[in-house]
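Hi,

Here's the structure I said I'd pass along. Have a look first, and my notes on the aromatic rings follow below.

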Amino acid sequence: MTTLTHPPASGVPTVIGRDNSSDDPRQRAPLVLGDHTFASVTDTVTDLAFGKPSWAWYAGMAVSLSLLVLLGVTVLYLFTAGVGVWGNNNPVAWAFDITNFVFWVGIGHAGTLISAVLFLLRQNWRTSINRFAEAMTIFAVMCAGLFPAIHVGRVWLAYWLFPIPNQMGLWPQARSPLLWDVFAVSTYATVSALFWYVGMIPDLATLRDRARTRMSRILYGIAAMGWTGSNRHWHRFERAYLILAALATPLVFSVHSVVAFDFATSQLPGWHTTILPPYFVAGAVFGGFAMVLTLAIPARHWLGLKDLITIRHLENMCKVLLGTGLIVAFAYGIEFFIGWYSGESFEQFVFLNRAFGPYAWAFWIMVTCNVVAPQLLWFKACRTNVWVIFTVAMFVNVGMWFERFVIIVTSLHRDFVPGSWGDFVPTWVDLGMLAGSFGLFFTLFLLFVRYLPVVAMAEVKTVMPQARAAHGLERFDYQPDPDTPRELRKGHWYT
Amino acid sequence: MPSLNPELEGRTYWRSLAQRAAAESGHGCADLGDEFAAYEPPAAGGHTRRQFLSLMAAAMGLAGLTLPGCRRWPEQEVLPFASRPEGISPGEALWYATMIERDGVALGVLARSYDGRPIKLEGNPAHPDSLGAADALTQASILDLYDPDRSRAVLLRAAGQAQPRISSWDHFRTDLRQRLDALRAGPPGSRSGEGLVILSQVTASPTITRLREQFEQSWPGAVWRTFAPLHRDHEVQGSELAFGQPLRTQLDLAAAQVIACFDADLLGGHPSRQRLARGWSAGRDSGDQGRMNRLYVVESAMTLTGSVADHRLPLPPSQIAAAVAQLAGHLGVAAPAASLSPHPGGDRWIAQLASDLLAHQGQAVIAVGPAQPPAVHALAHAINQRLAAFGHAVRFTEEPDRGRAAPDLADAQQRIDAGQVHTLVMLGGNPVFDGGLKFTISDTAAGPGHVGAAIHLGTHYNESSAASTWHLPQAHELECWGDGRAWDGTISIQQPLILPLFGGRSVIELLAMLAGESATDGRLLVQQTLRPMIGGVDFDGAWRQALRDGVVAGSAWPTTRPGVTRAVPAEEFEERRKMNEERGGVVGSSARSSFFVPRSSPHVLEVLFIADSSVHDGRFANNGWLQEMPDPVTQLVWDNAALMSVTDTQRLGLALGDMVELQAGGRTLRMPVMIQPGVAAGTVVLPMGYGRRVVGRVGLGVGHDVYPLRPATQPYILALDMLRRTGERYDLVMTQEHHLIDAQGFRARAQRAGKPNESGLLIHDGTLDDYRGNQDLFQHKGHGIALKLFDPPHAFNEPHAWGMAIDLNKCIGCNACLVACQAENNVPIVGKQEVARHREMHWLRVDRYYKGDTENPQVVHQPLACVHCETAPCEQVCPVAATVHDSEGLNTMVYNRCIGTRYCSNNCPYKVRRFNYFDWHSRSPRTTGDTPPWLGIPDRQQAQRVDKLAAMVFNPEVTVRMRGVMEKCTYCTQRIQAARIGAKLEHAAGRRQEETVRDGEVVPACAGTCPTQAIVFGDLNDPKSKVSRLHANARAYGMLDDLLALRPRTQYLAKLRHPAVSGIKETHP
């Protein structure tokens, strides 16, 4: 290890134990803890791909697969019997289906934000978490894409939503926000997948090089696309990655804006508001970061990644969560204000009905989870306590699902003409499919942590002191944590 | 079938040892019927393609070739369509005039038939009780023709056996002959036919009357009794009291400026309701000229008539007599003294009514309903005479109903109890269920309560069939010949449009069989009857004319103008008074669980039995359209409930859906409670006809049977001994306000419906006086949106601009439009569970709003279907362009293109789009959820899944929608298209100048059947068209148009109310 020249300016260590959340502006806090070298980072990550999974992985997989089977069964039932197996009805023609869709699309946003926006903004702390945040994006978009496809009445004709040339010369109707959705979400899925994959190529090459079996060598080899690590490759890679990041960045804003248009362009009170696009984007980032935290906290524990995904990473994400949470809370308030300010009785009723009508319970769950719970994150003690963070993140996950439920169901169930009012009650298929979508998500995620590089090794190495040591620009006052077991630092499966 | 070559025969499978034995002995499957009671051999039951085709061909031949003569073509003589009969084009609709009789009154209908298959019933404009409109029940009765649960075979149940077995008409005929021979011989000293009892439904059919006379002559010992659960005994007896002879009241509401109804649901429950509604609406029509009739209603239940009243006084049933008596006092008609003192404001209300009636002598009329005792009817006649109504608004004709339904049934029961009945013949109806008739079959017929044999003729196997020896399938009205008389006596001929699907016979054919006549041809029987009555010299010509018109012109009874000859007996009123004053009771425990009804306190509870708006007396229990038709007032579907007032339910702590036990005279009944605004405090309203025990799959066990509580002596009004909450709950399903609405929703709904006599956001409503003072009363717009931003204001008008106007001032909420739409457009039913999930499919719904006081609210009925917005919000959100505008302003729905995103429904402010969550047509309405039996592509499977018989009612001009597509009102686009094609053909043939459609040539199903003509459709391009004039009316408004700039093509006309000038406050006891 290179000698670090400058002494600490204040004599205050930036890292105490495992806590690297120092706010001392004079010092840059380390983003990788532990006694890590480039080799040990590689070991840590590749061992996850080649090592034997722990019981926790198997347990998680068992639960996820069960839920995935439930999803399969409910979807098959839906296909054979009709969408009537859901609780949707005539005033409430959308319910869990579109709620789940918007929920899952929203989840995806944090991944793209972390990987693209933070990349462009040179937020180095993104490197440890961007890989699985992006993976989360892909899987969430897959879950999201499922629902619009199966929610249509004649599911065998869902492909008519795509502009496929046909002998009748019929094209989709470009004025419909649902069509915009099709383009927005498919573009988003494509770019995200590409971005994820391109960023993974150097790491896949590392796995290829370390693969022990012939089959994995071949598969990782194909996936690595002949990566040799030459300067030319790195150059091309950096360029491509930057371009994709620039491409993906507007998508963060466009996708959820378009999803918001589904509601905002309609003329239903409660949907018909111009605030919805920014509100949805903020909400999506909010909900997405909550899901990243929900995944990161157990993952860094069970996968032994506490050195790479440090408490500082978590704290940064908490700050994003708090900030976007405040935007969301503001949007909730503004909706009520505009409802009142409009002087329009239908508009006023829908918001009063949200807060005090038959679905008031859902509204207040939403407020509690999305407005009240994140306020804990004003306190650093809370932002650095994984239990508090995890609890708040879970609250936000629940709250964001309910936000979509409240927007969709409470606006629909009582609109203009009281003669058409009706309630929505979910059926077991509704609940089963919601749970099943989590099964799909977690199954994919568990397969990801089992077979692919969970952390962007190549990128993490660029933010380690060793990467800049030659310049002599940075130093860390690093004290190894004596409590950290060796096997953890080595990246063995830690149970 | 065994192969001829035994060696080639494959393995033989057998179901039971018995079958195997039978097969080996060469009897084949003959014994299947032994093992399976419900087994129907293919010949009697299901249809093969070949049978179906031959049946259809036969029906076609019948309808086309033999219109004037309905011969039962023997199968071998079925005519092939090798040469097309003149005037018949395959696939083109033909209309036949016929009739349907209900409660002894013939209702004229036009039946639309495609290729020999009748699919829709509409009103016959020439018929006095239709005037072109048909009520919901009449229209829905076509569904019974194709009911898969219809009785399909002659069934014989031997004594002591529980289940009947399939028999045949021949077997029945043989058995009948033996029985009649035994009766003819009889024991020594007896008259011929003694022991034979015929129980017939109330009817005015000339042929049945003729056959009855013949029968009574040839069987002097036999007795013929008539029965109807919803009888008019009191009304007939009342006219006897007043005039000394039974007379039928013929009301002409168009001639009345002031109408007062006392428990009389003239617009919703009267046999001649279509005509009365037309008359009443004529008096509303002049509202724009500043004149309107005024309707006063005193009633206990909330009826349709009450819902459109200008003044309404809710009183418990026993008090209505007092109200009439008090009115008589004010008018100087001799009557017992009566006071409405327990009801604050009641006396003043009656005084106001009296002065209004007096001010309109000669133009005022009062009516009393069938539930009221004869004395009240008699008094009403005296009052009408005092008001100089005779000859104007009230005329009298003879009365064919003898007014003895209740005593007749009691007499039949007495004979059975005495063991005097050898053979009981029930000609249709269901007296075991709705009359409480009890008998046991035993061969000896000696014991009390025993009959030797009971023969029941019915379209369905019902409770009476199950109790009988013989069940005979009755032909549907559209399958057989018959005749009947309208309320005013006009004769109609019932002609068949299709051969009996299951070999049923009509009442007259069975009667002919009983008479031993070998020829039992219905047509000849009817002709024999009518020959002396119509035609004179040229009977054949007159007969053809009558068949074509649906009525025999000039056959109405002559009107008479009697005078009230007798004083009204005071005893009746005395009894009523006693009922209120004398009976004491015990106030029960303070807990809410039970209490006794104290008669002398305001805590009296009385029961009023009413006909159910859907199942009538129970006969329509297996009719899915009617089961799913929401009650116009309660909006209840697939059920009945004890309707109670808000006061009573609050006092007793009862909530919607609480099961209560009712007790009266030792009889008990369990019913769910429904809180109904407008029901008089102290009244429990029980709709009859539900809770059928032996019926098809649709109606089995639906609702609660209230007949057990109903004694023959007090058929309509009954004092309740006890009402107790059982603690159980029951799910009542309504299409509106499924659950009790919370305060938030209640306020919003009140704001949208408006205050009493004032416009709300959605309902425009005001008094005639305010409107007279300010013609712009209903034109208050919101802030509005400049239309220039959007399309030019006159788009979609080439060459026509279709539009509709619905006059809320004339709508009585009768649901006729709803059923018409269902029948015309192949709208499916979904079942109670699915309605509970708000998935009912009606393209047209009739929203009902209350205003003001919960005890006696003002009511608005608002029929709502797609309003065809010019700037339709549904169209721009559909991703696959499945809903688009046509050039004439129709918001069309392209089913083929729809993939079912349901976004259009979300964006529809009226929520009138309906989504097929399941394959409704192929699904039993009684199942919950759906059981998927297949995995292939559903697009190709529907045809196999829909019941073949049920599918026959489909209108071939309207696509049958499958699961997963959205549907909604099309303004009956198929009818527009038909009119367009007709106009073009005529133009091409040089018979008309223009190629376009003229006003009045397109009539959508709803508009066509509206009894008050509240719905008008036409071309807005034509400034002279009816609809254009209505859109230009000062009362016209587009619902939500001011807010959303939708430019709906359907406009509503504001409702006018006409309270008395001096103003009497609405009140309730």
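Predicted model: local features only at pLDDT ≥ 70, side-chain atom pairs only at ≥ 80, totals over all residues.

Now the ring pairs. Over all chains, the structure holds 65 of them. Phe337(A) and Trp340(A) make up one such pair, a tilted one, with 5.8 Å centre to centre and 50° between the planes. Both residues sit in helix 9 of chain A (residues 311–342), three residues apart, which is about one turn of the helix.

Chain B has a pair with the planes at 85°: Trp169(B) and Phe172(B), whose ring centres are 6.0 Å apart. That pair is edge-to-face because the angle is over 60 degrees. Trp169(B) and Phe172(B) are again three residues apart, about one turn, in helix 5 of chain B (residues 169–185). Both of these residues are buried.

Trp169(B) also has a charge over its face: Arg505(B), at 4.5 Å from the ring centre. Elsewhere in chain B, Arg710(B) lies over the face of Tyr716(B), at 5.2 Å from the ring centre.

One more for your viewer: back in chain A, ring pairs join Phe103(A), Trp104(A), Phe132(A), Phe139(A), Trp196(A), Phe438(A), Phe441(A), Phe442(A), Phe445(A) and Phe448(A) into a cluster.

Cheers

Methods: Residues numbered from 1 in each chain as written. Chains lettered and ligands numbered in written order. Heavy atoms only, no water. Phe/Tyr/Trp six-rings, centres within 6.5 Å; stacked < 30°, edge-to-face > 60°. Helix = DSSP H or I, 4+ residues; strand = E, 2+ residues; numbered from the N terminus. Buried < 20%, exposed > 50% of the residue type's maximum accessible area, 1.4 Å probe, protein only. Lys NZ or Arg CZ within 6 Å of the ring centre and 35° of its normal.
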